[in-house]
Amino acid sequence: MPQVKSSQETCTKVLVSLGSNATSALADSAKLLSDAIGHIATQGFRITKSSGYYSTPCFPAGAGPDFVNAAIEIESDKPPHAVLEFLHEVEAHFGRERPSRWAPRSLDLDLIAYGDTVLPSKAKLKEWMALPLEVQKRDAPDELILPHPRMHERSFVLIPLIDIAPDWEHPILAKTVRELADQLSGADKMGVQPFPPP
């Protein structure tokens, strides 16, 4: 008889970054992240690790109130596009609207990595990783790109990820989360400060 794989064997470890800056009251944003994590756990996704909470400056500077950020590791047997669609559904559930790209966000969920999957191709990922900051601010991809093409530059992504996946290795850069964070400037890292959980 053919062997049947267990659900554990077919699941992929997925890294998700969470953020909220819909209000200047950071405690409210932290509560919203906590509620979102609880909601995700009820929707068929097994959360295996959660980071601490961090207050972080808004990006780009001046675009709105400061953020509270966190990260989670989930296990899923759904394909990457289905995971992204689910994350968008969770954002909508918590009132996320998209009037403009850098508008304040009640909830921002970014699919950072899906195992070591590269999408849509190494060439396309490298192209998006190499974009100058001014182009990044203007252009957004119209397809899923994995790993997230800006993750290696963002302290508000990397520092929470150190809590849950310090040894995850970027498939293009061949550096771990911890090594990528070590490359950030001191000023970038100083802006990300622990924030008490709700």
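**A guided look at strands and salt bridges**

Guide: Welcome! Let us start with a pairing: strands β1 (residues 12–20) and β4 run antiparallel and are joined by nine bridges. Please keep in mind that this is a predicted model.

Visitor: Which other strands are joined to β4?

Guide: Strand β2 (residues 46–50) runs antiparallel to β4, with four bridges between them. Within that pairing, Lys49 has Glu73 of β4 as its bridge partner. Strand β3 (residues 53–56) is antiparallel to β4 too, and three bridges join them. There, Tyr54 faces Asn69 of β4.

Visitor: How many residues of β4 are buried?

Guide: A residue counts as buried when its relative accessible area is under 20%. In β4 (residues 67–76), ten of the ten residues are buried, so the strand is largely enclosed by the rest of the structure.

Visitor: Which residues of β4 point one way, and which the other way?

Guide: Phe67, Asn69, Ala71, Glu73 and Glu75 point one way, while Val68, Ala70, Ile72, Ile74 and Ser76 point the other way. All of them are buried.

Visitor: Now to charges. How should I read a salt bridge?

Guide: The general idea is that side chains of opposite charge can pair when their charged atoms come close. Here the cut-off is 4 Å between a side-chain nitrogen of Lys or Arg and a carboxyl oxygen of Asp or Glu. By this rule, the count is five salt bridges.

Visitor: Where do Lys31 and Asp35 lie?

Guide: Both are in helix α2 (residues 26–41), four residues apart, about one turn of the helix. Lys31 and Asp35 form a salt bridge, with their closest N and O atoms 2.9 Å apart. Lys31 is partly exposed at 43% relative accessibility, and Asp35 is partly exposed at 33%.

Visitor: You promised to return to Glu75. What does its side chain meet in a salt bridge?

Guide: The side chain of Glu75 meets that of Arg46, at 2.8 Å from N to O. Glu75 lies in strand β4 and Arg46 in strand β2, so the pair ties together parts that are 29 residues apart in sequence. Glu75 is buried, with a relative accessible area of 10%, whereas Arg46 is partly exposed at 46%. A network of salt bridges links Lys13, Arg46, Glu73 and Glu75.

Visitor: What about Arg150: buried or exposed?

Guide: Arg150 is buried, with a relative accessible area of 5%. Its side chain meets that of Glu153 in a salt bridge, at 2.9 Å from N to O. Glu153 is partly exposed, at 37%.

Visitor: Which residues form the negative surface patch?

Guide: The patch is formed by Asp167, Glu169, Glu179 and Asp182. Take Glu169 as an example: this residue sits in the loop between α6 (155–164) and α7 (177–182). Glu169 is partly exposed, with a relative accessible area of 46%.

Terms used. Residues numbered from 1 in each chain as written. Predicted model: local features only at pLDDT ≥ 70, side-chain atom pairs only at ≥ 80, totals over all residues. Heavy atoms only, no water. Buried < 20%, exposed > 50% of the residue type's maximum accessible area, 1.4 Å probe, protein only. Helix = DSSP H or I, 4+ residues; strand = E, 2+ residues; numbered from the N terminus. Pairing = 2+ DSSP bridges. Patch = residues over 30% accessible without salt bridge, like charges linked within 9 Å, V, L, I, M, F, W, Y side chains within 5 Å. Areas by Shrake-Rupley, 256 points an atom, 1.4 Å probe, with all protein chains shown as cover. Lys, Arg positive; Asp, Glu negative; His and termini not counted. Charge placed at Lys NZ, Arg CZ, Asp CG, Glu CD.
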